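Here's a quick briefing on a single chain, written for someone who likes to see the cut-offs. Have the viewer open as you read.

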Amino acid sequence: MNKKLVVLSAVALSASLAIAAFAHSGATGVVKERMDGMMAMGKAMKSIVLIVKGAREYDASVIKNAAKTIQNHSGENMVSLFPKDSKKQSASVAKDEIWENWAEFKVLSQHLHMLSVGLEAAAGNGIRGEEAANTTEASALTAEMLAAMPVDQIFPMITGSCSSCHSKFRAEK
Ligand SMILES: [Cu+2]
């Protein structure tokens with residue numbers, strides 16, 4: 001990347017961060033709490049992406065910490081931060097569909113929790129590169145099965161879990 005492009009993308013990045021911070025600043029109570037939790041999970045995913053891609057030296061403790069952060073902010077802990085009336089805050093982009101499809105929302109959050117438990121157990125397994133591409137039917141997975149998998153096979157399941165909930169239950173800013 002040339003120097004001008006680097007500067008431009010740095011400006012674009014700080015602008016998008018500023019927008020995110022602004023949108024976030026109106027949130028209070030459970031809405032702020034769940035946003036903080038989501039942001040923490042985003043940071044956790046960023047902390048491991050280069051390791052998973054094989055671009056940074058493998059470090060099981062970094063994988064483990066990221067998995068624990070996701071555990072803390074998914075499952076019951078996540079759904080408890082979505083009480084029905086919390087939609088009323090204008091800072092929130094949570095869709096009404098959450099409360100119309102509460103059981104489905106809960107299942108998605110619990111699935112993410114299960115994946116993060118599996119990721120923690122698999123932290124010592126390393127990455128397998130190309131071979132990890134074979135996928136397993138998501139609905140048939142258990143944390144025990146995940147515990148035997150390479151980390152780069154679990155990672156895309158986690159990003160898929162984040163985006164499958166966002167695409168259905170989170171509106172665009
Ligand atoms: Cu926010």
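This is a predicted model: local features need pLDDT of at least 70, side-chain atom pairs count only at pLDDT 80 or more; totals for chains, interfaces and linings use all residues.

Residues are numbered from 1 along each chain as its sequence is written. The chain has eight helices and zero strands; helices (H or I, at least four residues) and strands (E, at least two) are DSSP runs, numbered from the N terminus.

**Overall picture**

- Along the sequence, the pattern reads α-α-α-α-α-α-α-α.
- Take the contacts between residues at least 6 apart in sequence, and 80% of them join residues at least 24 apart; a contact means that the two C-beta atoms, placed from the backbone, lie within 7 Å.

**α6 against α8**

- Helix α6 (residues 102-122) and helix α8 (residues 151-169) have axes that come within 10 Å and cross at roughly 165 degrees. Axes here are lines fitted to C-alpha atoms, for helices over the stretch in contact, and angles run from 0 to 180 degrees between N-to-C directions.
- That angle makes α6 roughly antiparallel to α8 (over 145 degrees; under 35 is roughly parallel, 65 to 115 roughly perpendicular and the rest oblique).
- The crossing of α6 and α8 is left-handed, as the term applies if the near helix is turned anticlockwise from the far one by less than a right angle, and right-handed if clockwise.
- On the α6 side, the contact residues include Phe105, Leu108 and Leu115, while those of α8 include Ile154, Met157 and Phe169.
- By class, this α6 and α8 contact has 12 nonpolar, four polar and no charged residues (nonpolar: Ala, Val, Leu, Ile, Met, Phe, Trp, Tyr, Cys and Pro; charged: Asp, Glu, Lys and Arg; polar: the others, Gly among them).

**α3 against α6**

- The axes of α3 and α6 come within 8 Å and cross at roughly 160 degrees, so α3 and α6 are roughly antiparallel.
- α3 passes α6 in a left-handed crossing.
- Among the residues making the contact are Ile63, Lys64 and Ile70 of α3, plus Leu112, Ser116 and Glu120 of α6.
- The class tally for α3 with α6 is six nonpolar, three polar and three charged residues.

**Helix α2**

- The 24 residues of α2 (residues 29-52) should span 34 Å at 1.5 Å a residue, and the end C-alpha atoms are 34 Å apart, which agrees; the expected span is 1.5 Å times one less than the number of residues.
- Buried residues in α2 are Val31, Arg34, Met41, Ala44, Ile48, Ile51 and Val52, and their cover includes α3 (60-72), α4 (75-79) and α8.
- Gly54 follows α2 and has a positive phi, near 80 degrees.

- Ile70, in helix α3, is buried because 26 other C-beta atoms lie within 10 Å. Leaving aside neighbours within four places in sequence, Ile70 is in contact with Met41, Ala44, Leu112 and Ser116.
- Ser109 lies in helix α6 and is buried, with 21 other C-beta atoms within 10 Å. The C-alpha atoms of Ser109 and Ser74 are separated by 5.6 Å, although 35 residues apart along the chain.

Technical notes. A residue is buried if 20 or more other C-beta atoms lie within 10 Å of its own, exposed if 12 or fewer, and partly exposed in between; C-beta atoms are placed from the backbone.
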